[in-house]
Each structure stands twice: as C-alpha cells, then as structure tokens.
Amino acid sequence: MRLLKVATCNLNQWAMEFECNMKNIKASISQAKAAGAVIRLGPELEVTGYGCEDHFLELDTVTHAWECLKELLLGDWTDGILCSIGMPVIRGAERYNCQVLCLNRRIIMIRPKLCLANDGNYRELRWFTAWKQRGELDEFHLPIHVSEALSQTSVPFGYGYIQFIDTAVAVEVCEELFSPVPPHAELALNGVEVFMNASGSHHQLRKLNIRLNAFMGATNARGGVYMYSNQQGCDGGRLYYDGCACIVVNGHVVAQGSQFSLKDVEVIISQVDLDAVASLRGSISSFQEQASCKVKVSSVYVPYKLTQSFNLKMTLSSPKKIMYHSPQEEIAFGPACWLWDYLRRSGASGFLLPLSGGADSSSVAAIVGCMCQLVVKEIANGDEQVKTDAKRIGNYADGQFPTDSKEFAKRIFYTVFMGSENSSKETKMRAKQLADEIGAWHLDVCIDGVVSAVLSLFQTVTGKRPRYKVDGGSNAENLGLQNIQARMRMVLAFMLASLLPWVHSKSGFYLVLGSSNVDEGLRGYLTKYDCSSADINPIGSISKQDLRLFLRWAATNLGYQSLADIEAAPPTAELEPIRSDYTQLDEVDMGMTYEELSVYGRMRKIFRCGPVSMFKNLCYKWGTKLSPAEVAEKVKYFFKYYSINRHKMTVLTPSYHAESYSPEDNRFDLRQFLYNSKWPYQFKKIDEIVDGLNGDSVAFPEEEEEATSSQEFGVVAANSGDPSAGL
C-alpha cells in the first residue's frame, strides 16, 4: 500500500488584503501539517484574492504576491509538505494566473493556467494570458529579491507535473476541468495519480452538482485522487465563492467541506491509498492501450517520498454521501454569509432595510435574521474571529458577546415601514410582526407629509397638481405620483441610515439594503432611484418564484411564522389609492406573470434568444395553450418593456449573484441601454412567421402606435400606469 494524507481548504480571502490572505494561508498550512498531511492545496489566486480585477494590471499587485510567497518560504511553512499557492506571475511581457508549487523552502515549479475563464462573471483574458506551450518546461528566473533570499535563481515554468519517488502530482486550475479536452486526461495517461484543482468558483443556485459531477467524472473512468480547493465568502464584489472543498478518489467523494460558512479557514483532510488508483487503471483495458501510445508531458523530478507503507495508525477515508443544499437553503445561507462578510469588512455598524411587508423586503429581512442566527451559532461553536467581529459591530462591552440572535439583531438591524395613504393595514402589521420575530429595531414612519410638501412645491412652480388615474388623472400623472412616493422612501432610508447611529449615541453608519428581485430588474418594474437603490441587495439576482419558495421554507426553518402570510398575499406596490373596485397588483401592472418573466429571462440570457428565436421556442413551449399570434403578442410585449427599461440596469444596486439569467449590467449581462423599443425588423419577422402559420397578423394596441419619439427609444414609458416604467 502507498498511503497518502492530503489536505485541501476553503479560504475566505479578500481582494488586495494581503495581510488577511496570508493569515488564512498560514493557518491552513498549519492545520494541514498538524493533521499529518504532506500535500496542501489552496484556492486560485489565494495570495492576492481572486477578485482583484484591474488591480492585476498593477505591478504592485504582482510584487506584493512575490513578497508574501518569499515570507512563506523563508519560514518553516513548507517544511515537509508540498504546498500549491495561487498567485499572479509576470514572465517577460506576459502576466499569468499561476499555481506555485513549493516544498521544503524551495519552489519546485510554476504552473500557469492553460484555459482562462472568460464568460459570465469572469474576465480573466482582460488581465492574464493563457499558457499555450505544451512542450518542454521553460526556465523562469525568479525576481532578484526572491532569488537572493532563497538562494534559488530559476525554476521550471509551464505545463507539466512533478514526479516524486513514489507518485506523480499535477495541477489543474479551475476552468481547465470544464474545457473540451481537460489536462487531467493526458496527465493520467502519463502516470499522474494526484490532481490538484485550485479554483475561484462562485455560488449560483442549483450549480453545485455540476461541479461535483465533473470532479467525480475526472477520476471515475481513469482513476486518481482529485483535490479541489475554493475561496469561500465575499472577497469584495458581487460574487459569493461557495467553498465546498472536496477530495475524490476513483470517482467517489471521500471528503467534502461546507458550501456556506462564516469561517475564514476550513481545512479538509483525507487519507488515501494510491495503490487503489493503480489497481483501477490496471483493470481498464482502454486506459492501458491509450497510455501505451500517450503524448509525453514534461515533468520535474523531485527525489522525495510522499507516501507511507501499510500503517494501521492511518485510517483510510471511505466514500461519503454528498451534501447538497435545497435551493431554499442556498437562498438563506449564501446571501447571509455574503452580508456578514460585507458588514464586517465595510466598517458599518449594521443594516437598515425599508420593510414594506411584501415578499421581497421580507425575504431580505429573513436573510439578515438568518445571518444573525449563523453568527450566534458560530460563536457557540468557538469561532474567535466571528466572536471578535460580532463584538465590535454590536458594540458589546468587554466580556460580553452575542448569545441570542434576536438580541444581536436588535443591535445591528433597523427596519422601517414607510407607509402612505395608499398602504394597507395588513402590510403595516406584517412588517411589524416580522421585525419583532427577527428582533430588529423597527420604525413606523408616515411619508404623506413629505409627499404632500413635494406636490405643493410642484403646484407652486407649475400651477397644477397631479391626480391618480382612479381619480381621473392621466397615465403621466399617475406615474409621477407613484414615483414621488418611491423616491422619497429612498431619500429617507439613506438619511436614517446615516443619522440613526448618532441618534442612539452609536458610532459608524448603517448599510441600506435593497430588495428588488431579478425578474423586476429584467422587466424594469422598479422606479429608478427608489428603494431598489441601496448600498447592496442580497436578492437582486433571485427570481420571485424562488423567493416565494424561500419564504415558505423560512417560516418553518428560521422560525419567522409571519412569512407564511406574507408569501400568501398577492404582490402589490401599494403606490396607488385602494378603492372598493380597484387594488393595485404587480402582475397586472407588468402585463405578465412572474412565472412568464422567469421564462423570458432564461430564454433571453441562458439560451441567447432574440425576439424571433424566443417566439419560435415559446410556440413549442406554450403551443398547447396559446396560438402563435398570442405567443407573438407576449414576446413583443416583453421585449418592448425590457428595452424601454434597460437603462435602469446601469444604476442597479450591487447585488448578490445567484441566478444565471441576471440582467446585471455591470459585468454579467453586457448590452446597450438605448434601444428602439419597437424592434421594427425583428417584430416584422415575427409577424411574417405568424402570417405564414395562420394568416393572422399581430400588432400592438392602437394607442401604442401614438408614442412620441422619446418613448419609442426607451427614454420614458409608452402608455402605461406602470410605476416602474418611467425614469
């Protein structure tokens, strides 16, 4: 038997915070060594943090990474343990995303990334070059200050593996695993038995199984030990890196770390028998045949032994059941951990949330409540870093710390119901009840006086006073009155967030939380610069349907029973007067259901459908209940309002990324924000297809043909009472 003990980890790194990152790296190495591991794998770009973005273009960033690595190598951190450290490296005129392999205070080799992630949230080609040389390893001359300190002038650089006395080890970096021809395939044929995948992978709902299936598939048919390391937490941006470090042996998961956690460092250990890898490979005829005519991959020989022989003191790790969270749990724990990292690293003293008593803001409140529960639980489990951060944020006296989530919430979470004459008693009551269940410090504010003052000013300036549509006003008046309310709430929220700490003799400020969901962003069903405008938004990339599922789950599992009533209530903005014969409803205002919006969003983004392709696909999907003409009308209606409101995405509050069809304009969904909202060419093509199918042409209602030129190009709404549609 060749027994090997390996360690991988989840690290909560922070982009450009080298001291924090080094502290975590050192802690992970110490824990790995204490457990007897001889290999330690860290996440991709762990020294700098993955999310440095354009900071990678600065020479300082690369220089500081080398300084940190030098510090590790001058100490005893790498004594007796192979460490794979992620950092940027400049070679000549090119900058590479690298794993630096170190052992016994020496750099063994530097492995640059072969396939760069360059879609969705990732822009690695903006900062790095992919290594394209698959031949011999090159010689890389170390920076002078590193060379002099280590008494080592150069190191092998490129694609290859390390051949030890008793086994072979190689690196596969993140995206390479998912490429059409992943490196592990030919590395396995060259005798590599241990694969180390350093990753910077973000959370996305229902994504984890794809990742784990890739790890298991990598070794199921060709054998091997596959180690995976990831960052975990918010490293300064919209993404939450969801950890789940794991170790797979011959297609079976033998160790799995947490997906969501407040811990800064989590180390996963496994004991494996490499003879099991050799045995499996020897039993696969096709593997033997392909290995006999393999393309040779370069290697670095290290006369060092990693394994132990048969030893009853070392217990072998056995396959375990994979832990998957439900989507409702993902919504609870992912954004909660993201909020905690943002709160403790921003210097803020807490959160302020405009709580309307509706589904979206109540979801945000429940997530903050979940965060408070996680903090108290982690402190009870002995996490000193969480305890230190919670004491500072909650302003606890010496010797005191959070032991009750409701008491902690009272210190760091403010909720405000900003009601008007259009608000119902039911939503006011629900907001208060939920705040009490969470433990938040709750305010009940009436904004009618502020709105009336603004309207009086408008009347003084113009001589006119607008009326709601139900009182005989025009669409323009109706929209203007709704937007005034919405924007006053935003102004009041930021004022309270900055001054309430002063009122209560506390230091710092509160972060304002937004609560618009991904479907409303896609449709533009929000007022520009209303309460959707905040510091951060934990649900901005989550669909309404998923949020409703979450509310039902949270009512039971988080103990906030009022969420069941909130979920059951029909969604409404409550910006228009309630009459016996009229109640404002979101889906009526939007002209489409949230379920339909989710379908449009996935078609538009995930399946890359323009208007014509979407129409054709939906004819199949909805053909049993809608005619082609009806499908055409729905598709054209969606694209009209999507394009009218696209400009709102340019100022969308930074949101936790959770959904693959997010319309977030900053980096994920890059499109223009000035459209011809009539889509004349595309809509004409749809009409031609409909005519060919049934002879019926589809057109918008007559009043929509009378839109002004500014309305045609999406500057303001066409004829609609939609409170979201205007500027």
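**Briefing: contacts, cores and rings in a predicted model**

Leaving aside neighbours within four places in sequence, aspartate 389 is in contact with Trp340 and Arg344, where contact means heavy atoms within 4.5 Å. The model is predicted, so that local features need pLDDT of at least 70 and side-chain atom pairs count only at pLDDT 80 or more, while totals for chains, interfaces and linings use all residues. Residues are numbered from 1 along each chain as its sequence is written, and side-chain values use heavy atoms, with hydrogens and water left out.

**Aspartate 389**
- Aspartate 389 belongs to helix α11 (residues 384-394); helices (H or I, at least four residues) and strands (E, at least two) are DSSP runs numbered from the N terminus.
- Aspartate 389 is buried, at a relative accessible area of 7%, given that buried means under 20% relative accessible area, exposed over 50% and partly exposed in between, with a 1.4 Å probe and protein chains only.
- The side chains of aspartate 389 and arginine 344 make a polar contact at 3.0 Å, a term for a pair of N or O atoms within 3.5 Å in which, within protein, one must be able to donate a hydrogen and the other to accept it, and for which residues adjacent in sequence count only if both atoms are side-chain atoms.

- UniProt, in an unreviewed entry, places the feature "domain: CN hydrolase" at residues 4-274; its positions are given in the numbering used here, feature names are shortened, and annotations may be inferred rather than shown by experiment.
- The end C-alpha atoms of residues 4-274 lie 7 Å apart, and the span is 24% helix and 33% strand.
- Alanine 170, in strand β9 (residues 168-173), is buried with a relative accessible area of 2%, and residues that alanine 170 touches include Gly160, Leu187 and Phe195.
- Glutamine 259 lies in the loop between β14 (252-256) and β15 (265-273) and is buried, with a relative accessible area of 5%, while its side chain makes a polar contact with the side chain of aspartate 242 at 2.9 Å.

**Nonpolar cores**
- In the largest nonpolar core, which has 65 residues, Trp66, Leu69, Ile107 and Ile110 touch the most other members; such a core is a set of buried Ala, Val, Leu, Ile, Met, Phe, Trp, Tyr and Cys residues joined through side-chain atoms within 4.5 Å.
- Helix α2 (residues 59-74) supplies the largest share of this core, seven residues.
- A second, separate core of 61 residues includes Leu205, Ala435, Ala440 and Ile542.

**Aromatic rings and charges**
- The count of aromatic pairs comes to 31, where rings of Phe, Tyr and Trp (its six-membered ring) pair if their centres lie within 6.5 Å, with planes under 30 degrees apart counted as stacked, over 60 as edge-to-face and the rest as tilted.
- Ring pairs link Tyr600, Trp622, Phe638, Phe639, Tyr642, Tyr675, Trp679 and Phe683 into a cluster.
- The charged end of arginine 134 sits over the ring of tyrosine 159, 4.7 Å from its centre, the criterion being that NZ of Lys or CZ of Arg is within 6 Å of the ring centre and within 35 degrees of the ring normal.
- Lysine 387 lies over the face of phenylalanine 401, at 4.1 Å from the ring centre.

**Positive phi**
- Most residues other than glycine have a negative phi.
- Arginine 608, which is not a glycine, has a positive phi of about 55° and counts as exposed at 69% relative accessibility.
- Tryptophan 679 has a positive phi near 40° and counts as buried at 11% relative accessibility.
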